[in-house]
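This report describes a protein model in terms of its sheets, its helices and its charged pairs. The sequence and the structure come first.

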Amino acid sequence: MSDENNDSKNLQLDEAAFIDFAQVEEVSRVFFEESKEILEGLDTLILRLEENPSDQDQINILFRKVHTIKGSVGAVPGGQLLGSLAHEFEALLTRIKRENRTVNKECIDLFLTSSRILKVLAQSLRDKRELYPEELSEAIELISSYGGFDFSGTEASPARKMVKTTATTGSSDDEGVWLSVKQLNEFLRLSGELLVLKNFFQMMNQTVNFRLEPELFQRRQTDFSQNLTKICDQFQGQVQSVRKEKVSECFQGLQVLVRQASTELNKSVQLEILGEELLIDKGLGKDLYEALVHVARNSIDHGIEDQFERALQGKSSIGSLSLEVVEKNNTVFATYKDDGKGLDKERILQKAIKSALVTEQEASSLSDDEIYRFIFQAGFSTKDKVTTISGRGVGMDIVLATVEKYHGKIVIENNPGQGLCLRMEIPIPQHIMVESALLCTWNQHQFAVPLTSVAHISSCQELQITSVNHLRYCQFAGGTISLLNYAEMLNLSTQEAEEKVKKSSAVFIRVKDIMYALLVDKIEAQTDLVVKSFGKIIQEQKGFKGISILADEKVTYIVDPEKMLELLMVSDVQKEAA
């Protein structure tokens, strides 16, 4: 009997000691999903509390968020340190509510630092990696700071530290996206419609004889084609919407960075973000944020004057930064401005000469814009002293690299003594690029011109054509327009006989304020094409963005209006005429 009792007890102990690893993984997964959104929005909540330190509703919202993190991390292996920090965070919020305290600056500093460390700890749990010694010591120091926190700011005030914002580790290809229930339901609806369409297609082929009933078969085929086009358009639009998020979500960390950088340099600076409701691609938003981090740091350190200097110049004691994000013609325009001292052209030029980026002889012929662009050189800085904010010449080169990654450009507008304006123009990335295009043929080759750039189509017989300096021109809309085929654009010399030109067609292409005409043999049709990049078999061709395979398995080249314009090397006289 005694042995049976012992066996029973041992069995109970073994069962109690058994760990359900699948359940632990599920608990961890739920925590990561739940905490991700909370931690991403924590800085915004803290900054809102700074704007209204006595707002009890805002304190209660922040309290609930932190309490949720503390409660859900309890069952996650290795989450004790994160739980302890969240507990101290929650305890101070409780004290603020109970004692009816007004949140002060030191308190906000502590909360923002805690938000950063909570993200670090959560990421280490997700990656299942050990904390670095400096991360561990900072977390422990932060937890102890809560115990000695004094609202008077005279005892054990938490130290303010500059946060270095770095690029998130890991490839963007490994990152996930968040789907709302509405978006998921839309995908389910579209998949259902595709299933119905598939069944319709099978039934059409099985029940309708196209030889005996050609009209009925044609009607059914037309219905099928129209429905398939509609569903494909909706599906593509839905996929693109999933990859987008609001500007306010992409750049929410900028407010924190500006606050911390200005505190570090003892300057008063405010950032205003316009266009926060605009939806942009998440990958582009992430890269833009990384670029703007460096722009803002340099602006606060180099451009914005201290309060005494601003007072002498009659400026407001608070420096002003603004970021406006708009979308136009499939391009994102991010315009960043400050009201600081602007760029010192002479100082930049002398530093460039000293750094052997340009000789003194070459410097005399440089335009203002060429001089200003030295700031994007790696290792270039006009600062004599390195600070925690800038001075190493690292940062602005990243800004240029980011813009060039998307084949965009940066426009610099400098107003010495009044401020600097940087405008980044970035074409919207198309992950599945579908172009509505005009199909044309030339010399047995097929071209497709994007409809968004087509301004007019005309038979050459209707045009007044002249030749000047081995180039062909035509009159259109009161201006003189270049009229060349692709080979002539490459060689910048006319080749086609006048008789053949008269039998050809002209596709007028507009790029911003400039217009030119592409000479083609024939215009075939208008269609939607899936653009594929050039590969090893079909090498890249000048003036084109990619290729597409048509229904008859023929290859068509997709015209890139801007690259085609570059082939022309348009002179200033031509631009004015256009």
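Predicted model: local features only at pLDDT ≥ 70, side-chain atom pairs only at ≥ 80, totals over all residues.

Residues are numbered from 1 along each chain as its sequence is written, and side-chain values use heavy atoms, with hydrogens and water left out.

## The six-stranded sheet

Helices (H or I, at least four residues) and strands (E, at least two) are DSSP runs numbered from the N terminus, and two strands pair if DSSP finds at least two bridges between them. In these terms, six strands form an open sheet with mixed pairing, in the order β10-β14-β15-β13-β12-β11. The edges are taken by β10 (454-459) and β11 (465-468), each of which has a single partner strand, so one side of each is left without a neighbour in the sheet. From one strand to the next the twist averages 30°, where axes are lines fitted to C-alpha atoms (for helices over the stretch in contact) and angles run from 0 to 180 degrees between N-to-C directions.

Helix α19 (residues 561-568) lies across β13 (479-484), β14 (505-511) and β15 (514-520), and runs at about 90° to β15.

## The loop residue serine 453

Serine 453 is placed in the loop between β9 (445-450) and β10. With a relative accessible area of 12%, serine 453 is buried (buried means under 20% relative accessible area, exposed over 50%, and partly exposed in between, with a 1.4 Å probe and protein chains only). Leaving aside residues up to four places away in sequence, serine 453 touches Phe508, Ile509, Arg510 and Pro561, contact being heavy atoms within 4.5 Å.

## The five-stranded sheet

A further open sheet, of five strands and again with mixed pairing, has the order β2-β4-β5-β7-β6. Its edge strands are β2 (269-274) and β6 (409-415), each pairing on one side only. Neighbouring strands of this sheet are turned against each other by 10° on average, direction ignored.

Inside the sheet, β5 (residues 331-338) and β7 (residues 419-427) pair in the antiparallel sense over eight bridges, and the bridge partner of tyrosine 336 in β7 is leucine 422. Helix α11 (residues 282-303) packs on the sheet, where it touches β2, β4, β5 and β7, and its direction makes about 15° with that of β5. Helix α10 (residues 252-264) lies across β2 and β4 (319-328), running at about 165° to β2.

Helix α11 is mostly covered, since 19 of its 22 residues are buried. At 1.5 Å a residue its 22 residues should span 32 Å, and the end C-alpha atoms are 30 Å apart, which agrees; the expected span is 1.5 Å times one less than the number of residues. At the start of α11, a side-chain oxygen of aspartate 281 comes to within 3.0 Å of the backbone nitrogen of glycine 283.

## Salt bridges

The structure holds 24 salt bridges, each being a side-chain nitrogen of Lys or Arg within 4 Å of a carboxyl oxygen of Asp or Glu. Three of these pairs are set out in the table.

| Pair | N to O distance |
|---|---|
| Lysine 70 and glutamate 90 | 2.7 Å |
| Arginine 189 and glutamate 186 | 2.5 Å |
| Arginine 423 and glutamate 413 | 3.1 Å |

Lysine 70 lies in helix α3 (residues 56-73) and glutamate 90 in helix α4 (residues 80-98), so the pair ties together parts that are 20 residues apart in sequence. Lysine 70 is partly exposed at a relative accessible area of 24%, whereas glutamate 90 is buried at 6%.

Arginine 189 and glutamate 186 both lie in helix α7 (residues 181-207), three residues apart, about one turn of the helix. Arginine 189 counts as partly exposed at 33% relative accessibility, and glutamate 186 counts as partly exposed at 24%.

Arginine 423 lies in strand β7 and glutamate 413 in strand β6, so this pair ties together parts that are 10 residues apart in sequence.

Methods
Polar contact = N/O pair within 3.5 Å; in protein donor to acceptor, adjacent residues only side chain to side chain.
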